Amino acid sequence: MSSKKNAPAATGAQIDQLDGGSADSVARTPLDGALWLVRHGFPVFPVDHPGTPQCTGVGRGHDPATCTDRGKHPCVPFTRAHTLDEDQVRRSIGGKPRNVGVPVGAVDGPDGSRLLVVDSDRPGAIEDAAAAFGQQHTPTMRVRTAKGHHDYYWAPADARLGNGLGALRGRFDGDVRAGNAYVVGPGSVHATGAVYELEDPEQPPVLAPGWLLDALAYTPPPPQRPVLVPRQGTHRGLRALVRFVLDAHEGERNNRLFWAACRAAEGGAENADRALIEAAVAAGLDERAAAATVRSAYTRTGATTR
């Protein structure tokens, strides 16, 4: 999306050129919304419309004849069959009852940025999430939906985002869409009859705030598995071997595990092999690989695992 397309421009004579007429109705129908979107650099594609007798959506595993989630399924393979051509938009969306979709990953923003859409399931959900992080919501391009709203942001090109909530999980009522994803666009009709509406046709997307990008990029650490340390006569020595494995860094984990397993086998502590395998998994090794290393150590010393 060029800076020219990104600039607020739907005023005066330019509004008159839009099929919807005034700013208040600039995206009151799917065709109006689709034309507004492509004129602002957002490619579009046709989506099922709840006004048709049967769902017109396609896709692997989707059965139009039994679909009950109307008005949301793409009518084409959206990652490829999207367009910025107005004539094609009129043919695919204006000639029959269709909603409009926006392929999020196909939208080009300023300086190579990519589109990020935050889908709030209730009014004020993203504002509340920002407050939970000690921040304020940054106003941006917003589309009101049947339940809440879609907020359109630009994310840096190198931001590794998808549809995961990251640190927003449990603090935000809704979803996010980035990369290989889509959202239903303004002018579309929800199954309830509500129309997706642009809140302000002159408000372009803004750069996503840092707190939001950091929250979405957050990856929780894997849960730590409890490490079993048998209560035998060699308890103190085995505990030291377990700690030796737990403290291993990447590149030395297997060698440390093998050495510790040899010492444990020589000591004869019951269930030492299981304790060392669990320690190795907690340190980051694959369980099967860790078990194989321990068996190899026990074989070398002439001991047997239990």
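Start with strand 7, which gives the largest share of the lining of the largest pocket, 3 residues. This is a predicted model, where local features need pLDDT of at least 70, side-chain atom pairs count only at pLDDT 80 or more, and totals for chains, interfaces and linings use all residues. Residues are numbered from 1 along each chain as its sequence is written, and side-chain values use heavy atoms, with hydrogens and water left out. Strands (E, at least two residues) and helices (H or I, at least four) are DSSP runs, numbered from the N terminus.

**Stop 1: the pocket**

The largest pocket has a volume of about 320 Å³. Select Lys72, Asp119, His150, Arg177 and Tyr196: of the 16 lining residues, these are the closest to its centre. Now colour strand 3 (114–120), strand 6 (174–178) and strand 7 (182–184), the elements that give two or more residues to the lining. The lining divides into 5 nonpolar, 5 polar and 6 charged residues. (Ala, Val, Leu, Ile, Met, Phe, Trp, Tyr, Cys and Pro count as nonpolar, Asp, Glu, Lys and Arg as charged, and the others, Gly among them, as polar.) A pocket here is an open set of points on a 1 Å grid over the protein atoms alone, where a 1.4 Å probe fits, with protein on both sides within 12 Å along at least five of seven lines; lining residues have an atom within 4 Å of a point. The volume is the space filled by probe spheres set on the points.

**Stop 2: helices 3 and 4**

Select residues 30–39 (helix 3) and 86–94 (helix 4). Their axes come within 10 Å and cross at roughly 155°. (Axes are lines fitted to C-alpha atoms over the stretch in contact, and angles run from 0 to 180 degrees between N-to-C directions.) The two helices are therefore roughly antiparallel (over 145 degrees). Show Pro30, Leu31, Ala34, Leu35, Val38 and Arg39 in helix 3: they meet Glu86, Val89, Arg90, Ile93 and Gly94 in helix 4. Contact means heavy atoms within 4.5 Å. By class, this contact has 7 nonpolar, 1 polar and 3 charged residues.

**Stop 3: helices 9 and 10**

Move to helix 9 (residues 272–283), which packs against helix 10 at about 140°, with axes 9 Å apart.

**Stop 4: helices 8 and 10**

Finish on helix 8 (residues 253–267) and helix 10 (residues 287–301). Their axes come within 8 Å and cross at roughly 45°. Helix 8 is oblique to helix 10.

Technical notes: Angles under 35 degrees count as roughly parallel, over 145 as roughly antiparallel, 65 to 115 as roughly perpendicular and the rest as oblique.
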